[in-house]
Amino acid sequence: MDVALPSFYYERLFEGMLVTLQVLLYAFLIGVALSIILGVARLSSSKTARTLSLIWIEFTRGISSIVLLFWMAYALPILLGIRQPSLLLMGSIALGLNMGGYGGEIVRGAIQSVPKGQTEASIALNLSEFQRLRYVVLPQSLRVILPPMGNLTIEILKGTALVSLISLSDLAFEGTKLRTSGRLNPDAPSAAMLFLNILLIYFVLSQIISGLYRLAEWRVNRRFEGARTEVELPDATTTTAGAG
């Protein structure tokens, strides 16, 4: 069984993979920004902010990703009376909105996992609410955010295949076109081998994302442990001096 495909197949799949990565990157940026905003808003002292963020999260988590994708790509421009925007942009926004809904709850849970004593100490240091969030709460909550956010990013990677339904030439779309064009060619690779290669490409991409998140977790844990050691060392020195 020959798994390898002709070289021009890989060229087409590579072009599709680049589109897939673009969609993933834009959706990731939108999704992360929304996750932070919604997660923080869910814990805001403002009842309006809490309510609006909860409605947004439940709405984006409760609707079909495919329907949202079609609505963003085709219905929204008609409603707004504007020219058809870039399908890549609209597809990325749809996936980013979906990611933001799930990510908001991840960020909320991570912020709540930070001991309240940390917040109380930063209040005692007269830090503003933004400074507490920026320098105390979010850095510590990263240890909790990264593992589930990695899973969510891989889910978004797999979800990028949906953009092929709006005729965006991503990896899945290129695979479908190659399969269709190969029907009339008796020497063309079988559909089984073609889609096996596409599955392997998605697998490799997901492993790269997983590896990047593991590296980020390692760096965050190392920095966190280093900071904790720096805090503990003066206490040990003081204890030794006192015993002497």
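This is a predicted model: local features need pLDDT of at least 70, side-chain atom pairs count only at pLDDT 80 or more; totals for chains, interfaces and linings use all residues.
Buried means under 20% relative accessible area, exposed means over 50%, and partly exposed covers what falls in between.

**Entry 1: Leu196**

I began with Leu196, which lies in helix 8. Is Leu196 buried, partly exposed or exposed? Its relative accessibility is 29%, so Leu196 counts as partly exposed. I then looked up how far Leu196 is from Leu165. The two are 31 residues apart along the chain, and 20 Å separates their C-alpha atoms.

**Entry 2: Thr60**

Next I went to helix 2, which runs over residues 47–62 and holds Thr60. Thr60 has a relative accessibility of 4%, and because that is under 20% it counts as buried. What does the side chain of Thr60 find there? One of its polar atoms lies 2.9 Å from the backbone oxygen of Trp56. I also checked for partners beyond four places in sequence, and found Thr60 in contact with Leu97, Asn98 and Gly101.

**Entry 3: the largest nonpolar core**

Which residues touch the most other members of the largest nonpolar core? I wrote down Leu13, Val23, Met72, Val163, Leu168, Leu171 and Leu194, out of 51 residues in this core. Two or more residues come from each of helix 1 (7–42), helix 3 (65–80), helix 4, helix 6, helix 7 (171–182) and helix 8 (191–243). Helix 4 gives the largest share, ten residues.

Setting aside neighbours within four places in sequence, Met72 is in contact with Pro77, Met90, Ile93, Ala94 and Leu97.

**Entry 4: the largest pocket**

Last, I turned to open space. The largest pocket holds about 530 Å³. I found 16 residues lining this pocket, and Leu43, Ile111, Thr119, Leu133 and Val137 are the ones nearest its centre.

Which helix gives the most to the lining of the largest pocket? Helix 6 does, with five residues. At least two lining residues come from each of helix 4 (87–113), helix 5 (116–124) and helix 6 (129–159). I sorted the lining by class as well: eight residues are nonpolar, four are polar and four are charged.

**Looking back**

Notes
Residues are numbered from 1 along each chain as its sequence is written. Side-chain values use heavy atoms; hydrogens and water are left out. On a 1 Å grid over the protein atoms alone, a cavity is a set of points where a 1.4 Å probe fits but cannot get out, and a pocket is an open set with protein on both sides within 12 Å along at least five of seven lines; lining residues have an atom within 4 Å of a point. Grid points are joined across faces, edges and corners, and a volume is the space filled by probe spheres set on the points. Helices (H or I, at least four residues) and strands (E, at least two) are DSSP runs, numbered from the N terminus. Ala, Val, Leu, Ile, Met, Phe, Trp, Tyr, Cys and Pro count as nonpolar, Asp, Glu, Lys and Arg as charged, and the others, Gly among them, as polar. Buried means under 20% relative accessible area, exposed over 50%, partly exposed in between (1.4 Å probe, protein chains only). A polar contact is a pair of N or O atoms within 3.5 Å; within protein, one must be able to donate a hydrogen and the other to accept it, and residues adjacent in sequence count only if both atoms are side-chain atoms. Contact means heavy atoms within 4.5 Å. A nonpolar core is a set of buried Ala, Val, Leu, Ile, Met, Phe, Trp, Tyr and Cys residues joined through side-chain atoms within 4.5 Å.
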